[in-house]
Amino acid sequence: MSGCVFCGIVAGEVPAFRVADEPDGVAFLDTRPVFKGHVLVVPRTHLITLTDLPATALPGYFGLVQRLAVAVESGLGAGGTFVAMNNKVSQSVAHLHTHVVPRTKGDGLRGFFWPRTRYTDDAEARGYAERVAAALAGP
């Protein structure tokens with residue numbers, strides 16, 4: 001898609017530090033990493049959110065993400081990885097991308113990047129669970 005920096009990287013028109021270039025996606029270093037070695041994985045086609053990714057593409061795409069999580073950990077000597085994806089809100093580039101961030105014990109990253117909350121009680125939690133389950137079941 002014209003004007004999409006990630007499409008430009010996939011096409012080879014925008015420079016990037018690539019770590020993988022496969023039929024199921026392209027992976028490259030984030031230019032503003034949470035920690036050094038932070039990788040972004042993108043599908044080759046321009047899709048905006050996870051819901052736009054065809055079901056047939058899920059195994060290949062997430063297989064690549066999974067292999068990169070292993071490679072980031074082993075290649076960088078990390079204790080683990082944080083794998084995340086934003087859909088619409090906080091999505092800095094409107095092209096589906098998955099973050100694979102190397103983690104080490106004591107690296108200062110606390111849980112998620114935002115404040116956490118609690119449900120008022122079990123009834124409130126049950127209400128949220130029921131709403132999501134109903135939406136999952138469909139009309």
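How many residues lie between β1 and β2 in the hairpin that they form? The legends below, which describe a predicted model, begin with this hairpin.

**View 1. The hairpin of strands β1 and β2.** Two residues separate β1 from β2 in this hairpin. Strand β1 comprises residues 18-22 and pairs with β2 in the antiparallel sense, over four bridges. Within this pairing, Arg 18 is placed opposite Phe 28 of β2.

**View 2. Strand β2 and its pairing with strand β3.** Strand β3, formed by residues 39-42, is antiparallel to β2, and four bridges join the two. Val 26 has Val 42 of β3 opposite it. Strand β2 spans residues 25-29, and because four of its five residues are buried, this strand is largely enclosed by the rest of the structure. Buried here denotes a relative accessible area under 20%.

**View 3. Helix α2 along its length.** After α2 comes Gly 77, which has a positive phi, near 65 degrees.

View 4. The buried residues of α2 include the glycines Gly 60 and Gly 63, together with Tyr 61, Leu 64, Val 65, Leu 68, Ala 69 and Val 72.

Conventions:
Residues are numbered from 1 along each chain as its sequence is written. This is a predicted model: local features need pLDDT of at least 70, side-chain atom pairs count only at pLDDT 80 or more; totals for chains, interfaces and linings use all residues. Side-chain values use heavy atoms; hydrogens and water are left out. Buried means under 20% relative accessible area, exposed over 50%, partly exposed in between (1.4 Å probe, protein chains only). Two strands pair if DSSP finds at least two bridges between them.
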